[in-house]
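The following paragraphs lead the reader through a protein model. Please consult the sequence and the structure shown here while reading.

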Amino acid sequence: MSFAASRVFKGCRALLAPAKSSAATTTTTASKPKATKTAAAKQKPNLAKPLKPKGILKVTPISPALRDFLGVSESSRTDAVKNIWTYIKHHNLQNPADKKEIFCDEKLKTIFDGKEKVGFLEIGKLLSRHFVKTG
């Protein structure tokens, strides 16, 4: 081991130690005791309820303009953005010189406040008004 390597890793033996051979790993796994019935009985089955989607994964009602664009009455934010990006890619609406910029056609203008160009970071902000808040 060189002086430079020891200075970089500050003598960390775990990082600088040679790799263990496969024979050493098979002997260590074979020497481990097997699980007993009592250990299996102590583990409780997971009886938790399935988690409801929250935040951007939660399905919520959407505005009529976004409903016409997506073709569904409810959507999660992630699904909406995913479908919009699919539409953008399919219709080749990204600026070839600057991929961060999207040229809006008539269909996109209905959901992006009639803008001609939209930055990809603006999409989330412009879509937020299309999701109806539910209590």
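How many aromatic pairs does a search of the whole structure find? The search finds one aromatic pair, where rings of Phe, Tyr and Trp (its six-membered ring) pair if their centres lie within 6.5 Å, and planes under 30 degrees apart count as stacked, over 60 as edge-to-face and the rest as tilted. The partners are Phe69 and Tyr87, in an edge-to-face arrangement with 5.1 Å from centre to centre and 70 degrees between the planes. Because Phe69 belongs to helix α5 (residues 64–70) and Tyr87 to helix α6 (residues 77–90), the pair ties together parts that are 18 residues apart in sequence.

The model is predicted; local features need pLDDT of at least 70 and side-chain atom pairs count only at pLDDT 80 or more, while totals for chains, interfaces and linings use all residues. Residues are numbered from 1 along each chain as its sequence is written, and side-chain values use heavy atoms, with hydrogens and water left out.

Both Phe69 and Tyr87 are buried; the term buried denotes under 20% relative accessible area, exposed over 50%, and partly exposed in between (1.4 Å probe, protein chains only).

In sequence, Val81 and Leu127 are 46 residues apart, and in space their C-alpha atoms are 8.4 Å apart.

The loop between β2 (74–75) and α6 holds Ser76. With a relative accessible area of 3%, Ser76 is buried. Its side chain makes polar contacts of 3.2 Å with the side chain of Thr78 and of 3.2 Å with that of Asp79. A polar contact is a pair of N or O atoms within 3.5 Å; within protein, one must be able to donate a hydrogen and the other to accept it, and residues adjacent in sequence count only if both atoms are side-chain atoms. Leaving aside neighbours within four places in sequence, Ser76 is in contact (heavy atoms within 4.5 Å) with Ile56, Leu57, Lys58, Val59 and Phe131.

Turning to the whole, the protein has eight helices and four strands; helices (H or I, at least four residues) and strands (E, at least two) are DSSP runs, numbered from the N terminus. Of its 135 residues, 20% count as buried.
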